Amino acid sequence: MTPPSTPAGPAPMPVHASDLWKPVLLRALTALMFGAVTVFWAAPGVSGMGWSGGIYLLLTGLALMWCTRTGGAGDQGPGRFLMFSAFFMAVYGLILPFLVTDSIFGVFAAFALGLVGLAELYCAITMRGRHVLARDWIASGVIGVGTAVVLPFFIGLGAHALLGVAGGGAIISGVLWTLAALTLRHDARSVSAEAVN
């Protein structure tokens, strides 16, 4: 979340932290709400899995596109890959409630989460020290890829197990993105206070 400490390091990307914290917080709240649903919903069934999972993927994809565009990453190759991945996630979330089965959810949700996770890792590596979210993308990418790898193994256990795995990853990433949003908000206030003085 901090620019490089060495003066010779690449300059950080121009990011309007006062705007960036909003999509980051939306992503965090979406993940935490989905995680809470998966914890407290004892018998969601296939339809419940489709609607809750679809809304989660849709809102996460939209928040990630908003975040990528606001943060300036969408203007570069790695950011475009992240935008494409987020768009795929949002579209899949939109159609998931109408086509859902245990197998479809397990395979395609894993693909969407894995694709976004790989895109975040790619952005983190290529924009390291140049983007304010690079460190957060590393953790989020690992969580997304990890969830994607594990998810298909739970297809045979039904909707509750699939939602539990997806929700577990969502809770962890939700906490991470909440901390990132609060840090960005704090930094934005500090910059505003310095500008006034």
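A salt bridge is a side-chain nitrogen of Lys or Arg within 4 Å of a carboxyl oxygen of Asp or Glu. By this rule the count comes to 1 salt bridge in this predicted model.

**View 1. The salt bridge between Glu 120 and Arg 27.** The closest N and O atoms of Glu 120 and Arg 27 are 2.6 Å apart. The pair links distant parts of the chain, 93 residues apart: Glu 120 lies in helix α4, and Arg 27 in helix α1 (residues 17-40). Glu 120 is buried, with a relative accessible area of 1%. Arg 27 is also buried, because its relative accessible area is 10% and buried means under 20%.

View 2. Neighbours within four places in sequence are left aside here. Glu 120 is then in contact with Arg 27, Leu 64, Leu 82, Trp 137, Ser 140, Gly 141 and Trp 177.

**View 3. The packing of α4 and helix α5 (residues 134-150).** The two helices pack at an angle of about 155°, with their axes 7 Å apart. Angles over 145 degrees count as roughly antiparallel, so α4 is roughly antiparallel to α5. The crossing of α4 and α5 is left-handed.

**View 4. The residues where α4 meets α5.** On the α4 side, the residues include Leu 113, Gly 117, Glu 120 and Ala 124. On the α5 side, they include Trp 137, Ser 140, Gly 141 and Val 145. The residues of this contact divide into 12 nonpolar, 6 polar and 1 charged.

How values were computed: Residues numbered from 1 in each chain as written. Predicted model: local features only at pLDDT ≥ 70, side-chain atom pairs only at ≥ 80, totals over all residues. Heavy atoms only, no water. Contact = heavy atoms within 4.5 Å. Helix = DSSP H or I, 4+ residues; strand = E, 2+ residues; numbered from the N terminus. Buried < 20%, exposed > 50% of the residue type's maximum accessible area, 1.4 Å probe, protein only. Axes fitted to C-alpha atoms, helices over the stretch in contact; angles between N-to-C directions. Parallel < 35°, antiparallel > 145°, perpendicular 65-115°, else oblique. Left-handed = near helix turned anticlockwise from the far one by under 90°. Nonpolar A, V, L, I, M, F, W, Y, C, P; charged D, E, K, R; others polar.
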